[in-house]
Amino acid sequence: MKTLFFTCAITLLMGGTFMMGCETATEKANAADENVEEARQKLKEAQQTAEATAKKAATVEEWNAFKIETETKITKNEKRISELRIKINKSGTAFDKSNANRIDVLEQTNKDLRIRMETYDKSQNDWDSFKRELNHDMDELGKALVDFTENNKN
């Protein structure tokens, strides 16, 4: 009888321990909700960090270096444009009028780039995108000027 009593007690004790260790569906759902909320919070923090990194203002050193570099490129482009005007005026070909129009467009683009640079407020938070876009446009203008001179050599 003692053995039967001990066997039943141990079985009940083990069964109770096993049942206590099991989670109910509600407990699992609550734990999942907590995990989802935690993940959302981490995502929100990561997005804020990314936005803060992407939208930084220009420092004085960055702005001055960029301004000097851009001014040099714009001045170089102006010199190329004036050389092209002189070359077209000397040539006297039938394409001079269309070439003059193309040069006018390139000159206006160069002026627009200068205006964009001069009117940019360096305290704005879109410094990286402004810098990237202006450099891209400046490179495109440079390529157009090189292409123009190469096409006119033929």
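Reply: Let's begin with an idea we'll need: a salt bridge is a side-chain nitrogen of Lys or Arg within 4 Å of a carboxyl oxygen of Asp or Glu. Keep in mind that this is a predicted model. Here, Glu71, Glu78 and Arg114 are linked in a network of such bridges.

Me: How many salt bridges are there by this rule?

Reply: The count comes to six. One of the pairs is Glu71 with Arg114, whose side chains meet at 2.7 Å, N to O. That pair links distant parts of the chain, with Glu71 in helix 3 and Arg114 in helix 4, 43 residues apart.

Me: What else does Arg114 touch, leaving aside neighbours within four places in sequence?

Reply: Besides Glu71, Arg114 is in contact with Ile74, Thr75 and Glu78.

Me: Which helices do Asp104 and Arg85 lie in?

Reply: Those two also form a salt bridge, at 2.5 Å from N to O. Asp104 is in helix 4 and Arg85 in helix 3, so the pair ties together parts 19 residues apart in sequence. Both ends are partly exposed: Asp104 has 35% relative accessibility, and Arg85 has 26%.

Me: How far apart in helix 3 are Glu69 and Lys73?

Reply: They are four residues apart, which means about one helical turn separates them. Glu69 and Lys73 form a salt bridge, with 3.4 Å between the closest N and O atoms. Glu69 counts as partly exposed at 39% relative accessibility, and Lys73 does too, at 27%.

Me: What share of the chain's residues is buried?

Reply: Buried residues make up 17% of the 154 in the chain.

Me: And the nonpolar core? How do I read that?

Reply: Think of buried nonpolar residues joined through their side-chain atoms. The largest core here has 19 residues, and those touching the most other members are Trp63, Phe66, Ile103, Trp127, Phe130, Leu134 and Leu145. Helix 3 (60–91), helix 4 (96–119) and helix 5 (127–153) each give two or more residues to this core. Helix 5 supplies the largest share, seven residues.

Me: Which residues is Phe130 in contact with, leaving aside neighbours within four places in sequence?

Reply: Phe130 contacts Trp63, Phe66, Arg116, Met117 and Tyr120.

Me: Let's zoom out. How many helices and strands does the chain have?

Reply: Five helices and zero strands, so to read the pattern, just follow the runs from the N terminus. Along the sequence you get α-α-α-α-α. Among contacts with a separation of 6 or more, 78% come from residues 24 or more positions apart. The accessible surface is about 11,800 Å², and 58% of that belongs to carbon and sulfur atoms.

Methods
Residues numbered from 1 in each chain as written. Predicted model: local features only at pLDDT ≥ 70, side-chain atom pairs only at ≥ 80, totals over all residues. Heavy atoms only, no water. Core = buried A, V, L, I, M, F, W, Y, C linked by side-chain atoms within 4.5 Å. Buried < 20%, exposed > 50% of the residue type's maximum accessible area, 1.4 Å probe, protein only. Contact = heavy atoms within 4.5 Å. Areas by Shrake-Rupley, 256 points an atom, 1.4 Å probe, with all protein chains shown as cover.
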